[in-house]
Amino acid sequence: MNVNDIFEVTITVQESDTAIAHKSGGLPVYATPAMIALMENAAFMLLKNDGKDSVGTEMNVKHTRACLVGTEVTAKATVTSINGNWVNFNVVATDGKGEIGNGVHTRYIIDAEKFMNKLSKMKELDADIAKWETEVETLIGETNILVFAQSNDIDDGKEPYYNGTKKVK
C-alpha cells in the first residue's frame, strides 16, 4: 500500500439503501449513512486487498446531491498519507451525472485476532464489574451500620456515643 493507491466499489441503489430504510430521512433517496458506508468500504477493501485488517476511526463527509433507487453509485478511496498504522483517505462518491459526496476518512491497521481477544476480555471484565457491583450493593443493603456522633451538646468527656443504626442503600 502506498500514497495515491485507489480502490473503487460500485453498487446499484436499492430500497434498503434509502433514507427511509436507514431512518435518516423521509424520502426514498440514497441515504447519507449508506453513502458513508460505501465510502468506508472502499477504504477498507483497499487495505484488505493489501492483506491488512483495519478499523475506521474518523469520517468527515458532505453529501452534495441526491440520487434515486436504481442509480449506480461508485465510491472511490485514495490513500493520502500513511503514518505507522494510521492511514488517511480522500473519499468520493459519484453517479452517472457526477459527484454526489466527498470527504476524508481515517483507518487504523490492526491485528484482528488480538483486537477481538482484547474486546472479549473487556466484555468479560465489564460482566465481572457488574457482578461485583451487584454483590456490593446487596451486601451494603443488608448491612446495618452503627452510627456514632460527637456532639458539643454532650460534654461528658466520653467517647462518641451510639446514636442508633442506619440502613445504607
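**View 1. Lys23 lies in the loop between helix H1 (19-22) and H2.** The model is a predicted one, in which local features need pLDDT of at least 70 and side-chain atom pairs count only at pLDDT 80 or more, while totals for chains, interfaces and linings use all residues. Residues are numbered from 1 along each chain as its sequence is written, and side-chain values use heavy atoms, with hydrogens and water left out. Helices (H or I, at least four residues) and strands (E, at least two) are DSSP runs, numbered from the N terminus. Lys23 has a phi near 60 degrees, a positive value in a residue other than glycine. Its relative accessibility is 76%, so Lys23 counts as exposed (buried means under 20% relative accessible area, exposed over 50%, partly exposed in between, with a 1.4 Å probe and protein chains only).

**View 2. Asn4 is in the segment before strand S1 (6-12).** Asn4 also has a positive phi, near 80 degrees, and is not a glycine. Most residues other than glycine have a negative phi. With a relative accessible area of 56%, Asn4 is exposed.

**View 3. Five strands form an open sheet in the order S1-S3-S4-S5-S2, with antiparallel pairing.** Two strands pair if DSSP finds at least two bridges between them. S1 and S2 are the edge strands, each pairing on one side only. On average, neighbouring strands are turned by 25 degrees against each other, direction ignored. H2 packs on this sheet and touches S1, S2, S3, S4 and S5; the direction of H2 makes about 140 degrees with that of S2. Axes are lines fitted to C-alpha atoms, for helices over the stretch in contact, and angles run from 0 to 180 degrees between N-to-C directions.

**View 4. S3 pairs with S4 and with S1.** The antiparallel pairing of S3 and S4 runs over nine bridges, and Val79 stands opposite Phe89 in S4. The hairpin of S3 and S4 has two residues between the strands, and Gly84 there takes a positive phi near 65 degrees. S1 and S3 are antiparallel over seven bridges, with Phe7 opposite Ala77 in S3.

**View 5. The largest nonpolar core has 25 residues.** Such a core is a set of buried Ala, Val, Leu, Ile, Met, Phe, Trp, Tyr and Cys residues joined through side-chain atoms within 4.5 Å. Tyr30, Val73, Phe89 and Ile100 have the most contacts inside this core. Helix H2 (32-48), S3, strand S4 (86-95) and strand S5 (98-110) each give two or more residues, and the largest share, eight residues, comes from H2. Not counting residues up to four places away in sequence, Phe89 touches residues including Ala43, Leu46, Leu47 and Val104 (contact means heavy atoms within 4.5 Å).

**View 6. Thr71 sits in the loop between strand S2 (53-63) and strand S3 (72-83).** Thr71 counts as buried because its relative accessibility is 19%. Its side chain reaches the backbone oxygen of Leu68 at 2.7 Å. Leaving aside neighbours within four places in sequence, Thr71 is in contact with Ile11, Thr12, Val13 and Asp95.

**View 7. Over residues 146-153, pLDDT stays under 50.** pLDDT is the predictor's confidence in each residue, from 0 to 100. For residues 146-153 the model has 16 contacts beyond four places in sequence. Where pLDDT is low, the predicted coordinates should not be read in detail. The chain averages a pLDDT of 85, and 79% of the residues score at least 70.

Notes: A polar contact is a pair of N or O atoms within 3.5 Å; within protein, one must be able to donate a hydrogen and the other to accept it, and residues adjacent in sequence count only if both atoms are side-chain atoms.
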